[in-house]
Amino acid sequence: MSRAHLPHLLSRRAVLRGALGAGALAAAGPLLGACGGDGGGDALDPAAKPKLAGETLKVLVNQPNAGAFEVLRRTFKAETGADIQVTPVPYDKLLATAMLDAQSGAGQYDVIMYWYVGLGSLAEGGVLEDLTDYIKANPDIDTGDLLPSIYDPYTLYQGRRWGLPFDGDTHILFYNTELFEKYRLDAPKTWEDSNAAAEKITKDGRGEHYGVIVEGQQVPIILGCTFANRLVGFGGRFLDDNGRPALASEQAVAALQSLLDVAPHALPTPLQTGFDQALPAFLSGRAAQLEFWTDHSVKAQDPKQSKVVDKWDVVTLPIGGSNTAHNTSLDAGFALGVSKLSKKKEAAAAFVKFAASRKQNEAQIAVSTSGSDPVRTSTLSSQVFRKSFGRAADVVAEGLSGKPLVWPNGPEAPELLQTLVDELALALQGKQQARQTLEKVQSAWEKRLG
Amino acid sequence: MADSAIGRPAVRWGALRRHRARRWSGVSPWQAAPVTLALLVFTAYPLVYLVALALTESTLAQPLREWVGTDNFRAALENDVFTGSLWRSTVFAVLAASVQLVAGTALALALHARGRRLGLLGGFLLLPLVTPPVMVGVAWKLLLAPVGGALNGALGLAGLAPVNPLGDERGAFLALVVIDTWQWTPFVALLVYAALLGVPGELREAALLDGAGRLRLLVSVVLPYVRPALLAVLLLRLVGGFKVFDIVYVVTAGGPGAATNTSTYEIQRTALESFKVGTAAAETLLFSLVVGAVATLVAAVRRRAVRAER
């Protein structure tokens, strides 16, 4: 063909049209593939006894728990000859990282640590391997020893088990005993006590001291926890026994009202307050009350990090309104599962079993940098737990042994919680009242849950 | 006529276009292949995939699950947080770009008045530009922290009451405009400075000979001459303003409430925190329509300015 004829056949428009057509075809490939495939590899053989020596497992972990995996790595290697390669990820990126790993087909991780709120999303999304049969086939996991208050919320979805609990997180209320004595206040038993103490200290403290830290940053793991602590204190629930939203209840409204009442007396300003602001304020002795995870007690007693050594105490989360039963809330909390894309599923499951064992749970809580909390009944009665948690031990044991507030953990949970904190933030901003806020959330949740 | 005043050679645009058209029609398919491939990989594929996501039920783990038609677009438009973010993004982009253009032009004029060499000053000007936006955000967040922040520390030393711009709706939004302006004004200044260097000396001399003062010279000669360049810079910064994400993520996380929740931040939340990738794709397409509309408007004004100059 002569060059002279080319312009007719290959005009710019024709070239572009061809390019777009090819692009559409290229896009259609993964589109069709994604519609049809489940992305899984070979199923886990529950009865297999994998050879672990020489294996290296890749583990996706929550960054604050990275210290725990240093301990695990040493012991796992010593006992089995297998190594682990740890990838720590910030807590708020853990779910997205696991999902993108599965969606992209990369399969970079054999073991995935997950916040239990993401359980439904990970199971439905084909990210986690079903461990039900594996758990049944391995009675040495001793599921009877796993704390009943967390075993189901962390691992049970649609009647199947998708992991084993690893870090049983709950919040407790820390308070500065020196400031409480200075302002002649008693340890708070109710949210009304807590709010009154906050108001007095902030008012009399004149900018030097603040009565409370309200963590109100607009992310579920921060503002969601702050609200959940009051919700359980007032006797409310996120979902009722049938899984229906229960956020328009009188208890929930009273809980939010309590939060809105104390916000003006908190460390400025709640909506900006996250972990980075809250911890230094409490550890420097500027703020008198902080709801936080139980392992904070270790930091509070560390003179390198804290100016309040021996000047703090803890109480279980206060109660409010007509509620008389103290309960805690399962704020955060992590489990370990096996990636559906792993090519070493049997070895990965063996590691999950090892990490969630009684021996390892005790070993981790003995280390101040592990960020781990008890997941087993036996751990709560162990000497090492008493020694590590000190004055917080009784409060932690009481919370985990009771009936803590469980957060939603179905596939819609991330969206539900984002909606909740968006509306809570508007309430804290003074744009809407407590009842109006929770009725909006209730309506949005009902719509989403169908 | 400006053309004759500055002695530009007359260009026969029609002939030039015909010449270019002739050159294009002679391109062989092999010569066009790299460009075609680049178009496919970088433009067509992502766009087609984005549209496919927007028309299907897609989560982060399972994209393209089920055809849902326009449901994702409806969900996006019924979501007050997202529609509010479109408005906020537009206000942010227009406000920040305008402030940066005015401040950058003023800075460029001051630099130009010093002479034609920037020297060490040029290096200093580049500092905010080469600082990673995340670090810019962290620094400003520490500076503006209500307790222990450098700003309130300084105010305290001066015996003044503390302030908390990030705790206030309007204050937080304006703080982001200030931070963006701090980072990007030097960029604008450098571009405008380069444009000012292109103003012919003869043009200035002619105006001065005609009796124009400094202000008249600036308003009637220099600024009209560099107007196309100014509008191009404005367009660049507008698009940059629409795309702002890093400083929102670090400094305000979209708050307080939804006061600084820009569209880019909201799309990220929808996709990576709520895992609704289909809705996020629809939001992205709707957002690009808004950006496209504003950018087209400014581009049209610029084209008119270029034509007027010719």
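## Confidence in chain A

This is a predicted model. Chain A has an average pLDDT of 89, and 91% of its residues score at least 70. Residues 1-39 of chain A have a pLDDT below 50. Beyond near neighbours in sequence, that stretch still has 35 contacts in the model. Where pLDDT is low, predicted coordinates should not be read in detail.

## The sheet in chain A

Chain A holds an open sheet of five strands. The order is β2-β1-β3-β10-β6, and the pairing is mixed. Strands β2 (83-89) and β6 (164-167) of chain A form the edges, each pairing on one side only. From one strand to the next, the twist averages 30 degrees.

A:Leu164 stands opposite A:Leu336 of β10(A).

## Helices across the sheet

Helix α4 (residues 94-104) of chain A lies across β1 (56-62), β2 and β3 (111-115) of chain A. Helix α4 of chain A runs at about 140 degrees to β3(A).

Helix α14 (residues 345-355) of chain A lies across β1, β2, β3, β6 and β10 of chain A. Its angle to β10(A) is about 160 degrees.

## α10 and α11 of chain B

In chain B, helix α10 (residues 201-209) packs against helix α11 (residues 214-242). The angle is about 160 degrees, and the axes are 11 Å apart. An angle over 145 degrees counts as roughly antiparallel, so α10(B) is roughly antiparallel to α11(B). The crossing is right-handed.

From α10(B), the contact draws on B:Leu203, B:Arg204, B:Ala207 and B:Leu208. From α11(B) come B:Leu217, B:Val221 and B:Tyr225. By class, the contact has six nonpolar residues, no polar residues and one charged residue.

## α5 and α14 of chain B

Helix α5 (residues 80-114) of chain B packs against helix α14 (residues 277-309) of chain B. Here the angle is about 30 degrees, with the axes 11 Å apart. Angles under 35 degrees count as roughly parallel, so α5(B) is roughly parallel to α14(B). This crossing, too, is right-handed.

On α5(B), the contact residues are B:Phe82, B:Leu86 and B:Thr90. On α14(B), they are B:Glu283, B:Phe287, B:Val290 and B:Val294. The contact divides into five nonpolar residues, one polar and one charged.

Definitions and conventions. Residues are numbered from 1 along each chain as its sequence is written. Chains are lettered from A and ligands numbered from 1 in the order in which they are written. This is a predicted model: local features need pLDDT of at least 70, side-chain atom pairs count only at pLDDT 80 or more; totals for chains, interfaces and linings use all residues. Axes are lines fitted to C-alpha atoms, for helices over the stretch in contact, and angles run from 0 to 180 degrees between N-to-C directions. Helices (H or I, at least four residues) and strands (E, at least two) are DSSP runs, numbered from the N terminus. Angles under 35 degrees count as roughly parallel, over 145 as roughly antiparallel, 65 to 115 as roughly perpendicular and the rest as oblique. A crossing is left-handed if the near helix is turned anticlockwise from the far one by less than a right angle, and right-handed if clockwise. Two residues are in contact if their C-beta atoms, placed from the backbone, lie within 7 Å. Ala, Val, Leu, Ile, Met, Phe, Trp, Tyr, Cys and Pro count as nonpolar, Asp, Glu, Lys and Arg as charged, and the others, Gly among them, as polar. pLDDT is the predictor's confidence in each residue, from 0 to 100. Two strands pair if DSSP finds at least two bridges between them.
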